[in-house]
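Let us take a friendly walk through a protein model, one part at a time. Please keep the sequence and the 3D view open as you read.

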Amino acid sequence: MSAGRRIALAALAPAACLPAGQALAHASQRGYVLLLPTGYYLAGGALAVAASFAALALLNPRRLQNLLGLRLPLGRVPDRWRFAASLASFLLLAVLVAAGFLGSRDPLSNPLPLVVWSLLWVGLTIVQGVFGNLWRWLDPWYAPWRMLSPWAGRAPLKPPAWLGCWPAVALFLAFVWFELIDPAPDDPYRLAVAVGLYWLATFAAMLALGHAEWSRRGEFLSVFFGLIARLGMVERTPDGRLLLALPGGKLAGAPALSLPAMTLLLVALASVSFDGLSQTFFWLGLNGVNPLELPGRTALTGINGVGLALACLLLGGLFLLCVWLGERMGGGERTLPAAGLLVWSIAPIALAYHVAHYLTVLLVDAQYALVAISDPFSRGWNLFGTAYMPVRAAVAAGSDAAWTIWNVQAAAIVGGHVVAVVAAHLLAARLHPCRRAALVSQVPLNALMIAYTVFGLWLLSSPAAG
Amino acid sequence: MSKNTSLSRRTALKGLAAGLVAGPGFVRYAQAQASAPIRIGFQAHRTGIGAAYGRWYERTTSAAVKAINAAGGIGGRPIEIVVEDDGTDPARGAEVVAKFASQHKVDLVYGTLFSHVVAGSAPTAGELKIPYYVVSEGYHIASGKMNRWCLQPGITDVRAQVTSVAPWIAGNLGKKVTMIFPDYAFGYDHRDYLPAALEKAGANVVAKIAIPPTESSFTRYFPQIPADTEVLYHVMVGPAVLTFVKELGEFYGSGGPQLFGFIDSLEAVDINSPGLEFLNGSHFWEGSPRYAQANDSEAQKAYRAAVGIDDNGASVNDAKDISTAAHMFGCWETLYVIKQAMEAAGYRGPEDRQKLVEATEAITTVAEGPEHPQGDKVFDGRIHQVFGHQNISKLEGGRLNVVHRTSIEDGRYEPEADYTTQSF
């Protein structure tokens, strides 16, 4: 028996020794999805991704490159707005952290957990992926750093080059662990402590190393959001002009990523995939956990902590294996630099999984956030007129909603993989000037993407707890 | 009618304001303004597997607190609810109880639903000597396995529910019953208590089919149902319930035995969902009816309006938001029992917690009315458990109509414990 399983059973023991128990695990939205012909979607998704690859084989990468290079001017956003936006963001964060300490203890009434998890993590990631780097403007450190840094742009310390953005990877892993494994990431007080400390530590690092330097190396949100923003359709030139691009258009000129940045992207996909897996009957059954009477996050910490680590290692290993195989087949020699470039094709999949996985949470919790933000300290305020707005918590409930949500999820997963295939095609052409070699080199990675499409759809359609 | 569904200081303030302006408790409240509020720690399943139930427990609690405060509160003092999310996690449940006692300094803890969270939290409530009022329907309290600080005065336990429906099943649906249930504690309550109750009523269980909790396809189990089965008693829960019903329909076609189930299988789920067609004409246990009934009392109507559910048992704000009507009334009634016991004990503060438990134990009956809209009840102080009438409803015309209401005596069983002999 595994250690994790022992923990789970130990936690179940008090309940199990009782003569009675009641389980109110209810027929949730997933129950309706179980009635849908999801098998066809799995097959259709795999076919669509495979067909995209076949179609691309006929298309000259140069023409694709030209197409993706198209830009439409949208206007101009001067850089001076950045200070004001960042200052507003900082003040909002300060209010939210104060609300975490002083406001309601209920995670669905306190604005801090709702804004951090639903609007920032779930919502802003999607905004970044669809539009572009809004985070650059919302970063709550920039304005305070500009105001307080006596060195304004001249940092007293310089981190060693070998450090790369590994600190951001380590912090991102800690963040993912907090979100997915920690027993109570929604607890307003604990979250306020975590957010407050993270803001202070980051600010100190920025004072010491410079805002731009630490944003590139250690501030995991800036690093992650920056990577995801590459998928967005809006591009901002250094002189402040905004340009509209095709989805994935900005990937055409993307530089090869360093090993830590590559790791971060892979962890992003692996973690959201594992979160989906960890709720399935398959995973719970594998670990001897009764999905109808889930013992709670505390009892699952060990099992899911190990599972998360394994998921990251497995996806990283599979990706590198596919790149290595592809490079061998295509006559390339250097796996890591190739992987650094090809890993961009993982970004649209990570975004697609993120959308599909968090869609229902976003639909419901964003409403709670709107209510909570009107009365952040539970004082009876109604700042924005939304304090008494009825929350439609069942917006994702029922058979119609289940059908709609499932189709949106399936479209996101398949669409994300198709964009990934296109990106891989484009990036492989940069690695292999010979068209044939470029094409052959993509075969293993494309096989992985087809498998991951099926896996993603299976995750969303198999029986799950909660 | 309350359209506000958020239980927070906002609700309490709004409720108090209503009381001050129009409520009959104005004078009493005004006299007691100097008194601190009664602080009730609400151990809520806001996240985790119980969140759908937690949402409605929160709404019902909010409505009851508003009504109690509008009428003058408890002994002239308003109720203030402090919500802590337990994540439907037994370990966090214990932490939450400790936090309520030491950090929030509440007068009592209330509102837990899931059995395993009750089991995980009860020892802490006992150690910290804080009254712990659960709304769980589990047999855990009545079994004597908890401690003197744990009480369930607002909802009948599952053993009594199962026992009470047996005579009606035997008398109306058939004498040969096959049970199909999930293979864990919830299913075992039914497996262990139904057969004896049926035998007493002249029927018997001809087969017990336990389904592994991770199962999501059921067709291969159906051949185990004996051919002479007259009643199929089903208590499946979880996301695969719809699949279970659909496959059962495919197995039997238009025929098959009579079906009897517990609404626990479909709480918060639209009974008219695709896949559930085979349940048409079948019967369900309901603690409190989901659908408004023609003979609803004024108290029942007022309760439904206060909580904000329409005639179909859905939220008045969202017809798709189906309530957990069969269970959530327990929150309303438990808060009124707390009020009754506190006023009887002359409760002043935490130093009177023991008196509060003793005063609750001393309750013997509660009358039907605005405070107990589900019906009159008998409270057994020895096992800290209340007993009420149960409803048997028929699914017809797309709604559940109550066809029988059990007597309180139908559900009574010989107590297996006596908490009153335990020291505090």
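Which residues have the most contacts inside the largest nonpolar core?

## The cores

They are A:Leu264, A:Leu265, A:Leu266, A:Leu269 and B:Ile169, and the core itself has 236 residues. A nonpolar core here is a set of buried Ala, Val, Leu, Ile, Met, Phe, Trp, Tyr and Cys residues joined through C-beta atoms within 7 Å. A residue is buried if 20 or more other C-beta atoms lie within 10 Å of its own, exposed if 12 or fewer, and partly exposed in between, with C-beta atoms placed from the backbone. Helix H18 (residues 398-431) of chain A gives the largest share of this core, 19 residues. Apart from this core lies another one of 25 residues, including A:Ala99, A:Val116, A:Leu191 and A:Ile373.

Now look at A:Leu264. Leaving aside neighbours within four places in sequence, A:Leu264 is in contact with A:Ala168, A:Val169, A:Phe172, A:Val223, A:Phe224 and A:Leu227. Two residues are in contact if their C-beta atoms, placed from the backbone, lie within 7 Å.

## How to read the model

This is a predicted model, in which local features need pLDDT of at least 70 and side-chain atom pairs count only at pLDDT 80 or more, while totals for chains, interfaces and linings use all residues. Residues are numbered from 1 along each chain as its sequence is written, and chains are lettered from A and ligands numbered from 1 in the order in which they are written.

## Chain A as a whole

Chain A has 20 helices and 3 strands. Helices (H or I, at least four residues) and strands (E, at least two) are DSSP runs, numbered from the N terminus. The radius of gyration of chain A is 23 Å, close to the 23 Å that the globule rule gives for 466 residues, so chain A is as compact as a globular protein of that length. This radius is taken over C-alpha atoms, and the globule rule is 2.2 Å times the number of residues to the power 0.38. Of the 466 residues of chain A, 53% count as buried.

## Two domains in chain A

The domain assignment, which is automatic or from a database, gives chain A domain 1 (28-70 + 262-466) and domain 2 (77-245). Their contact takes 31 residues from domain 1 of chain A and 32 residues from domain 2 of chain A. On the domain 1 side, helix H17 (346-373) of chain A gives the most, with 14 residues.

## Where the chains meet

The contact between the chains takes 70 residues from chain B and 61 residues from chain A. The side of chain B that touches chain A has 27 nonpolar, 23 polar and 20 charged residues. Ala, Val, Leu, Ile, Met, Phe, Trp, Tyr, Cys and Pro count as nonpolar, Asp, Glu, Lys and Arg as charged, and the others, Gly among them, as polar.

## Strands in chain B

Chain B has an open sheet of 5 strands in the order S2-S1-S3-S4-S5, with parallel pairing. Two strands pair if DSSP finds at least two bridges between them. Strand S2 (79-85) and strand S5 (150-151) of chain B each have a single partner strand, so one side of each is left without a neighbour in the sheet.

Elsewhere, 4 bridges join S14(B) to strand S15 (residues 385-388) of chain B, and these two run antiparallel. Within this hairpin, which has 4 residues between the strands, B:His384 takes a positive phi near 55 degrees.
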